[in-house]
Structure formats: C-alpha cells, structure tokens
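Subject: Structure for your review

Dear colleague,

I am handing over the structure below, and I would be grateful if you could read it alongside the notes that follow.

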Amino acid sequence: MARSAFPSTRRADPPPTERSPGAPRAKVADGDVTADLTVPSDPRSARAARDFVRLRLTGIGAPAEVVDDAVLLVSELHGNAVRHAPGAHVTVRFVHDPKRSVFTVAVQDHGHAHPRAADTTDTTDPAELKDSGRGLALVAAIATAWGWHPLPDGKAVWFTIDLPRASWLEGYPINAGTPGPRPHRHTVERYR
C-alpha cells in the first residue's frame, strides 16, 4: 500500500519529551491543531484514548457518526499497540487540518513489527474468520486512508478521516461582509 501524505507532508516533529502519562498537550502550527495524550500500555487506558479523541472531535463540531467511527478505530489501534508492542506507554496523537477538512489520529508504540490488515475477503463464512486480526481491516474499511511509519523508538499507526464540509456555507461568500445565512423570517419577528 502506498504511504499516505500524513507523514510526508508534515515537517519533522521535535523528539518526544517525557511527560506524565495521561497529560494531554496541544499545539497549533500552520493552522493544524495537534494534541497528544500519553497513556499506560494497558487495556484499561483504552477509555482515556477514546475519550481524548471524542473530546477533540466534538470540540471541532464533527458529526456524531464521524466521532463514533474515529472512537472505534482509535480503540482498535490502541488495543493492537497494547497487545503486540512492548513498552510502558502508548501515545495517541490527534491532528486536525481545517484547510483540508480532515483529521488524523496516530497511535505510537514501542513495537517494530510491521502492521498488516487481515485478509477478510477470502471467506464469506464468519465462522472461518480468526478470533483476532480484523482490527486493521476495520480501520481500512472505515478510514479515508491509513498507514504506518517507523519511529526511532517504535512505530506510529495512523488513520485519516475526511470531515464533511458545512453545507450551510455553500453559496455564501466567506469573509466578504456577508454574515452568512439569514435567520428564518418568523424567528426574527418573534424576537422584535
């Protein structure tokens, strides 16, 4: 699979710094909003990872369906990191690119194994599927793009999902002195 633009279009991030697990940090660069959360490499920290992504997405006004999809996918990636990678912690990174109307979530761990999505197209019988190994296939099916890249001390597995553009903005000039859609006539009359 071809590598996505996620790792290659970003300038190099500074090396990770030690911070206490569970302490999120956020920064804004070139219009992108980036936030990190480091949690213990433990199945019980999946809730913190899900809540972190849910909070970020509701904060930017993402639709509930998009939030639900992203929460499911970060849960899968977190579970894979805890199950397959050694290390004391896992870092969840959220990047929102408002110019392109997309967001990316990456889960960084200390494993060096190459992640591979299970091939679920060989069978139509659910009983023939393995008990595990379908998480990345789920990520591939739901996300706009996904991939991974090596890090000096492990790897990052990421997914990108497009955000729907606000339909009420279509047809309205942005920053041209137009206040946007006008309220319904009855609403205006009621409050005079």
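I begin with serine 101, which touches Asp162, Leu163, Pro164 and Arg165 when residues up to four places away in sequence are not counted, a contact being defined here as heavy atoms within 4.5 Å. Please keep in mind that this is a predicted model, in which local features need pLDDT of at least 70 and side-chain atom pairs count only at pLDDT 80 or more, whereas totals for chains, interfaces and linings use all residues. Residues are numbered from 1 along each chain as its sequence is written, and side-chain values use heavy atoms, with hydrogens and water left out.

Serine 101 is found in the loop between β3 and β4, where helices (H or I, at least four residues) and strands (E, at least two) are DSSP runs numbered from the N terminus. Serine 101 is buried, with a relative accessible area of 11%; buried means under 20% relative accessible area, exposed over 50%, and partly exposed in between, using a 1.4 Å probe and protein chains only. Although serine 101 is not a glycine, it has a positive phi of about 60°.

As for the chain as a whole, the protein chain has five helices and six strands, and read along the sequence these follow the pattern α-β-β-α-α-β-β-α-β-β-α. Buried residues make up 35% of the 192 residues in the protein chain, and among contacts between residues at least 6 apart in sequence, 60% join residues at least 24 apart.

The largest nonpolar core has 31 residues, and Phe103 and Phe159 are those with the most contacts inside it; such a core is a set of buried Ala, Val, Leu, Ile, Met, Phe, Trp, Tyr and Cys residues joined through side-chain atoms within 4.5 Å. At least two residues of this core are supplied by each of β2 (32-40), α2 (46-59), α3 (64-84), β3 (89-97), β4, α4 (135-142) and β6 (154-162), while the largest share, nine residues, comes from α3. Leaving out residues up to four places away in sequence, phenylalanine 159 touches Ala70, Leu73, Val74, Leu77, Phe103, Thr104, Val105, Val139, Ala143, Ala145 and Trp146.

Helix α3 has 21 residues and reaches 30 Å from its first C-alpha to its last, close to the 30 Å expected at 1.5 Å a residue, the expected span being 1.5 Å times one less than the number of residues. The buried residues of α3 include Val66, Val67, Ala70, Leu73, Val74 and Leu77, and the buried residues of this helix pack against β2, α2, β3, β4, α4 and β6.

Two helix pairs involve α3. α2 passes α3 in a right-handed crossing; a crossing is left-handed if the near helix is turned anticlockwise from the far one by less than a right angle, and right-handed if clockwise. The contact is made by residues including Ala49, Arg50, Val53 and Arg54 of α2 and Val67, Ala70, Val71 and Val74 of α3.

Valine 71, in helix α3, is buried with a relative accessible area of 8%. Leaving aside neighbours within four places in sequence, valine 71 is in contact with Arg50 and Arg54.

The axes of α3 and α4 come within 9 Å and cross at roughly 150°, and α3 and α4 are therefore roughly antiparallel to each other, with a left-handed crossing. Among the residues that make this contact are Leu72, Leu73, Glu76 and Leu77 of α3, and Leu136, Val139 and Ile142 of α4. In α4, Gly135, Leu136, Ala137 and Val139 are buried, and the buried residues of α4 pack against α3, β5 (145-151) and β6.

Finally, glutamine 108 is found in strand β4 (residues 102-109) and is buried, with a relative accessible area of 19%. Not counting residues up to four places away in sequence, glutamine 108 touches Val90, Thr91, Arg93, Leu151, Lys155 and Ala156.

With best regards

Conventions: Axes fitted to C-alpha atoms, helices over the stretch in contact; angles between N-to-C directions. Parallel < 35°, antiparallel > 145°, perpendicular 65-115°, else oblique.
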